[in-house]
Amino acid sequence: MIKLDDRTAAIVWVVASVTLSFAPFFLSWILGNWYQGSKQKELVQREAAFGADPLTTLRKVPGVATDSGLLISNIIMSVSWWQGMIGSIHAIFGGTITTWDKTLSWGRQEVMQRLRENCRDSGYDSVINMRLETSEIASSKGKTRALEIVAYGTGIKY
Amino acid sequence: MPDTQQTQPQAQIVMSNTETIPGKVIAESLGVVTGSTVRAKHIGKDILAGLKNIVGGELKGYTELLQEARAQALQRMVADAAKRGANGVVNVRFATSSVAGGAAELFAYGTAVVLQ
C-alpha cells in the first residue's frame, strides 16, 4: 500500500468518483455513436436500393385500382443515456434539442422505409393517403423516455 | 380471448384510410365502428428497454408490443363491422393515448360500408 498525503488522496478520490459516476454516460456515448451510426448507414443503403418511392399523401392517384388494403408500420424511438443527458442540458437553455431532433427524424425515415417495404412485400404498387402520427409512450416512472411513430396508408394494386 | 387471433372469416373485410375503397363503389354506409385495447408493458421489457437505452435508437420490444396491440384494436373494429354486415371499413383512423401506470390505449375507428 502506497502512503499518500491528504491532498493527493483527496484529488485521487474526486477524480475516481467523477470518472465512475460519468462512466455509464461515456460508455453510452461511445457505444451509442457506433450503434446508431451503423443502423443509419444500413437505412440509407436500404433506401438507395429500393428504387422509386411508392408513398404518396394524395388521396387519389390516376389509374384504376384492382386491389387495396390498409398498411401500417410503427417504431418506438428513444434516446441513449448520453443523448438524454445532453438533451436535458439543452432544455435548460431552450432552443433546439438536437438529440431528440435527430432521433425523431431518423425514426420517421425508418418507419417510412418500413412502410415501403411493407407495401412491396404485400404486393401493392403504391401507398396512397399516407399519414404519420407520433405519440408518447409513458414509462411507469412518469418520465417520457420513448415515442411511437406510426405510418399508415392504403396500399393499392393497379 | 378469441379476438386476439387473426381469424379468417373476417379477412374479406377491406380496410382503407381513404374515403372510398380504390376500385370499388360504396352502396351503403352502416355508421362508425370502433375497436380499442389498453396494454401495459411487461416489467421485464421495461428493464430491458432501460438497458437498450445505453445505445438509444429503436426499442424493438415495445415496437412489437404496440404492433400487436394495434392489430387487436383493428381486429375488434373489424369484428364490429362484421356484426353489422359490412364488407368494408373506410377512413380508418388511429388514436393513441397514455393511461396512468405506463399503459397505453390504442384506438381504431372507421366507417363501416357495404361495397357493391
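Me: How many bridges join E4(B) to E5(B), and in which sense do the strands run?
Reply: In this predicted model, strand E4 (residues 88-99) of chain B and E5(B) are joined by 10 bridges and run antiparallel. Within that pairing, Val90(B) stands opposite Thr111(B) in E5(B).

Me: And which residue of E5(B) is opposite Gly35(B)?
Reply: That is Ala108(B). Strand E2 (residues 26-40) of chain B is joined to strand E5 (residues 103-115) of chain B by 12 bridges, and these two strands also run antiparallel.

Me: What is the overall pattern of chain B along the sequence?
Reply: The order is β-β-α-β-α-β-β, with five strands and two helices in total. Among its contacts between residues at least 6 apart in sequence, 77% join residues at least 24 apart.

Me: What percentage of chain B counts as buried?
Reply: The figure is 36% of the 116 residues.

Me: What about confidence, and where is the pLDDT of chain B below 50?
Reply: The average pLDDT of chain B is 81, and 86% of the residues score at least 70. Residues 1-10 of chain B are the stretch with a pLDDT below 50; beyond near neighbours in sequence, that stretch has eight contacts in the model. For the model, the ipTM is 0.79 and the pTM is 0.81.

Me: Turning to the contact between the chains, how many residues does each one contribute?
Reply: Chain A contributes 43 residues and chain B contributes 29 residues. On the chain A side, at least two residues each come from helix H1 (6-50), strand E1 (67-78), helix H2 (81-93), strand E2 (126-138) and strand E3 (144-157).

Me: Which of those supplies the largest share?
Reply: E1(A) does, with nine residues of the side of chain A that touches chain B. Sorted by class, that side has 19 nonpolar, 17 polar and seven charged residues.

Me: Which strand of chain B does E1(A) pair with?
Reply: E1(A) pairs with strand E3 (residues 57-58) of chain B, in the antiparallel sense and over two bridges. Met77(A) has Glu58(B) in E3(B) as its bridge partner.

Me: Now the helices of chain A. At what angle do H1(A) and H2(A) cross?
Reply: They cross at roughly 110 degrees, and their axes come within 7 Å. H1(A) is therefore roughly perpendicular to H2(A).

Me: Which residues make that contact?
Reply: From H1(A) they are Pro24(A), Phe25(A), Ser28(A), Trp29(A) and Gly32(A); from H2(A) they are Trp81(A), Trp82(A), Gln83(A) and Met85(A). The contact of H1(A) with H2(A) has six nonpolar and three polar residues, and no charged residues.

Me: How do H2(A) and H3(A) pack?
Reply: H2(A) packs with helix H3 (residues 98-121) of chain A at an angle of about 125 degrees, their axes being 7 Å apart. H2(A) is therefore oblique to H3(A). The residues in contact are Gln83(A), Ile86(A), Gly87(A) and His90(A) from H2(A), together with Thr98(A), Thr99(A), Trp100(A) and Thr103(A) from H3(A).

Me: What is the class make-up of the contact of H2(A) with H3(A)?
Reply: The contact of H2(A) with H3(A) has six polar and two nonpolar residues, and no charged residues.

How values were computed:
Residues numbered from 1 in each chain as written. Chains lettered and ligands numbered in written order. Predicted model: local features only at pLDDT ≥ 70, side-chain atom pairs only at ≥ 80, totals over all residues. Helix = DSSP H or I, 4+ residues; strand = E, 2+ residues; numbered from the N terminus. Buried ≥ 20, exposed ≤ 12 C-beta atoms within 10 Å, placed from the backbone. Contact = placed C-beta atoms within 7 Å. Nonpolar A, V, L, I, M, F, W, Y, C, P; charged D, E, K, R; others polar. Pairing = 2+ DSSP bridges. pLDDT = per-residue confidence, 0-100. Axes fitted to C-alpha atoms, helices over the stretch in contact; angles between N-to-C directions. Parallel < 35°, antiparallel > 145°, perpendicular 65-115°, else oblique.
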